[in-house]
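Here is my note on the model you asked me to look over. Please keep the sequence and the 3D view open while you read.

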Amino acid sequence: ERLTKARCKSEVKCLVKCRRGGVPCPAIYGVVPPVIYMEFIQGQTVRSYLDQQQQQQHGGGGSEGDPTPQDTTQDSHNNTNLSQLAKVMGDLIGRVHNVGVIHGDLTTSNMMLQPQSQSH
């Protein structure tokens with residue numbers, strides 16, 4: 001029980017540091033170990049988004065499997081989006097580290113994408 005309380009306290013401190021440092025993350029509403037009540041983030045995981053992009057890239061093509069001009073244009077657009085996403089992720093991870101937080105389990109499954117209008 002003491003370990004659980006310590007972990008909850010540590011996680012909340014990290015989230016607060018990140019939020020103060022300009023990293024978009026959920027607001028904390030309360031803590032009753034082992035539960036942390038936090039803001040629900042509407043959106044999808046980065047992993048889910050990347051999986052969708054991969055399916056779209058490999059799902060197109062002409063009847064013989066040769067790429068069409070439309071597929072080539074779409075691939076270029078997807079690559080640009082993925083490059084922009086990678087840059088934003090790198091910037092945000094840098095901000096997390098700049099406030100003194102090391103995540104420890106940083107994966108695309110625990111990063112969320114939100115529509116622009118809902119971003120923090």
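The points below go from the overall layout to single elements and residues.

1. **Basis.** This is a predicted model: local features need pLDDT of at least 70, side-chain atom pairs count only at pLDDT 80 or more, and totals for chains, interfaces and linings use all residues. Residues are numbered from 1 along each chain as its sequence is written, and side-chain values use heavy atoms, with hydrogens and water left out.

2. **Layout.** The protein has three helices and four strands. Helices (H or I, at least four residues) and strands (E, at least two) are DSSP runs, numbered from the N terminus. Read from the N terminus, the order is α-β-β-β-α-α-β.

3. **Burial and surface.** The protein has 120 residues, and 17% of them count as buried. Buried means under 20% relative accessible area, exposed over 50%, and partly exposed in between (1.4 Å probe, protein chains only).

4. **Contacts across the sequence.** Take the contacts with a separation of 6 or more: 57% of them join residues 24 or more positions apart. Contact means heavy atoms within 4.5 Å.

5. **Start of the chain.** Glu1 sits in the segment before H1. Glu1 counts as exposed because its relative accessible area is 73%.

6. **Helix H1.** H1 covers residues 2-20, 19 residues in total. From first C-alpha to last it reaches 27 Å, close to the 27 Å expected at 1.5 Å a residue. The expected span is 1.5 Å times one less than the number of residues in the helix. Which residues of H1 are buried? They are Cys8, Val12, Leu15 and Cys18. Down the axis of H1, the buried residues fall within an arc of 125°, so they line one face of the helix. The arc is that of the directions from the helix axis to the C-beta atoms. The face turned away from the buried side carries exposed Arg2, Leu3, Lys9, Lys13 and Arg20. After H1 comes Gly22, with a positive phi near 85°.

7. **Nonpolar patch.** Tyr29, Val32, Val35 and Tyr37 make a nonpolar surface patch of about 420 Å². Strand S1 (28-32) and strand S2 (35-38) are the elements that give two or more residues to the patch. Patches are made of residues with over 30% relative accessible area and no salt bridge: like charges are joined within 9 Å, nonpolar side chains (Val, Leu, Ile, Met, Phe, Trp, Tyr) within 5 Å. A salt bridge is a side-chain nitrogen of Lys or Arg within 4 Å of a carboxyl oxygen of Asp or Glu. Val35 lies in S2. Why does Val35 count as partly exposed? Because its relative accessibility is 34%.

8. **Helix H2.** H2 (residues 46-59) has 14 residues. Its C-alpha span, first to last, is 20 Å, close to the 20 Å expected. Val46, Tyr49 and Gln53 are buried in H2. Down the axis, the buried residues of H2 fall within an arc of 65°, so they line one face of the helix. On the other side of H2, Gln55, His58 and Gly59 are exposed.

9. **Gln53.** This residue of H2 counts as buried because its relative accessible area is 8%. Leaving aside neighbours within four places in sequence, Gln53 is in contact with Asn78 and Leu82.

Notes
Accessible areas come from the Shrake-Rupley method with a 1.4 Å probe; for residues, only the protein chains shown count as cover.
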